[in-house]
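Opening the notebook on this one.

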Amino acid sequence: MRTVTAAALARRSAGLGLALALVVSGCRGSAPPPGALRTSGCPRCGPVARVGALPRGDLDECSGVVAGGAHPDALYLHNDSGDGPRFFAVGGDGALRGELQVPGATAVDWEDAARGPCGAGGGSCLFFGDIGDNDRERRGYAIYEVKEPDALGGAPRALAARAIPFAYPDGSHNAETLLVHPVTGAITLVTKVKGKKKGAAGVYELPSRPAADAGTATLVRAGSIEAPTGSPRFTGGDVHPAGAGVLLRTYTHVFFYPMTQDQTVAQALAGAPCELPAAEEDQGEAIAWVPGGWDYVTIGEGAEAPVHRVSCEAP
């Protein structure tokens, strides 16, 4: 009979305890370690293709893009800080289809656009995040909810907006990623780490749309997230129109976070992502799903910036 020493028993006990701890931690849905990437359950994508370019003129610093719902063949884009409260509609090839103004809104630093259900009255709404704060000194921020226009083209048009003022629970933050759940309408923001150093970005949520006269809403911190590779700075994102996943981009990479129907966006971002094809773009900040499938587009800043598209199949 083999004799087991007390030291061996202690080592076995310690190993069993570590294994149990890892299992319990996994059951609790803990975030993957920095650098973790999925190798299965990912969309199958082709190479990046240039499909057009933005028009010459005022749209020269694209910071956010989202595809239309009422007009699925249209992309809505806006400039970075320095422009007024307005956005543009373009075709999939970048050709201009209209300018839309948002009187009454402010545009300190619009950084991203999203689409989701309107807070009242039904229909499809566009959301524009005045969420940039490079110096991290703003006391308040706002998201503007705009009903998607019924028609495009012609002279510049004015659209009414509902302001959703908000603050963080823990001070000022710079953010460039605005995400809206396509079913619940819950709003999620991902902050941007400062400089080029690695670090965790914050994930903040506004689970329900506040009443129009509710004043400044306070976001809830819902976790943290790190880019697995490349630039550590998240610069844009979009939730799949069917709620099947979340795209996040940095200056160098594109990541896909699978999402189930019962998950919040923040819960999806706690998982390990897939790495998807990314174009080389100057100051790349804009990314959006294309309705009706799994394709996505990305756009960088600069005059006549190229429009890139990646064609993918469902995981």
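Started with a sheet: five strands make an open one in the order β3-β4-β5-β6-β10, and the pairing is mixed. I take helices (H or I, at least four residues) and strands (E, at least two) as DSSP runs numbered from the N terminus. Two strands count as paired if DSSP finds at least two bridges between them. The edges are β3 (62–67) and β10 (157–158), each of which pairs on one side only.

Note on provenance: this is a predicted model, where local features need pLDDT of at least 70 and side-chain atom pairs count only at pLDDT 80 or more, while totals for chains, interfaces and linings use all residues. Residues are numbered from 1 along each chain as its sequence is written, and side-chain values use heavy atoms, with hydrogens and water left out.

Zoomed in on one strand pair. β4 (residues 74–79) and β5 (residues 86–91) run antiparallel to each other over four bridges. Which residue of β5 is the bridge partner of Tyr76? I found Ala89 there. Tyr76 also belongs to an aromatic cluster with Phe87, Trp110, Phe128 and Tyr144.

Whole-chain tallies next. I get two helices and 24 strands. Of the 315 residues, 48% count as buried (under 20% relative accessible area; exposed is over 50%, partly exposed in between, 1.4 Å probe, protein chains only). Of the contacts (heavy atoms within 4.5 Å) with a separation of 6 or more, 54% join residues 24 or more positions apart.

Then the cores. My working rule: a nonpolar core is a set of buried Ala, Val, Leu, Ile, Met, Phe, Trp, Tyr and Cys residues joined through side-chain atoms within 4.5 Å. The largest has 19 residues, and Phe166, Tyr168 and Leu178 touch the most other members. At least two residues each come from β8 (124–130), β9 (141–147), β11 (161–167), β12 (175–180), β13 (187–191) and β14 (201–206). β12 gives the largest share, three residues.

I followed Phe166 further. Beyond four places in sequence, the residues that Phe166 touches include Ile131, Tyr141, Ile143, Leu189 and Leu219. Phe166 is buried, at 1% relative accessible area. There is also a second, separate core of 18 residues, with Val193, Phe234, Tyr257 and Ala266 among them.

Aromatics: a search of the whole structure gave me twelve pairs. I used rings of Phe, Tyr and Trp (its six-membered ring) with centres within 6.5 Å; planes under 30 degrees apart are stacked, over 60 edge-to-face, and the rest tilted. Tyr141 and Phe166 have ring centres 5.6 Å apart and planes at 25°, so I log this pair as stacked. Tyr141 sits in β9 and Phe166 in β11, so the pair ties together parts 25 residues apart in sequence. Tyr141 is buried too, at 4% relative accessibility.

Phe256 is in β19 (residues 254–258) and Trp289 in β21 (residues 286–289), 33 residues apart. Both Phe256 and Trp289 are buried.

Last stop, Leu269, in helix α2 (residues 265–269). Is Leu269 buried or exposed? At 4% relative accessibility, Leu269 counts as buried.
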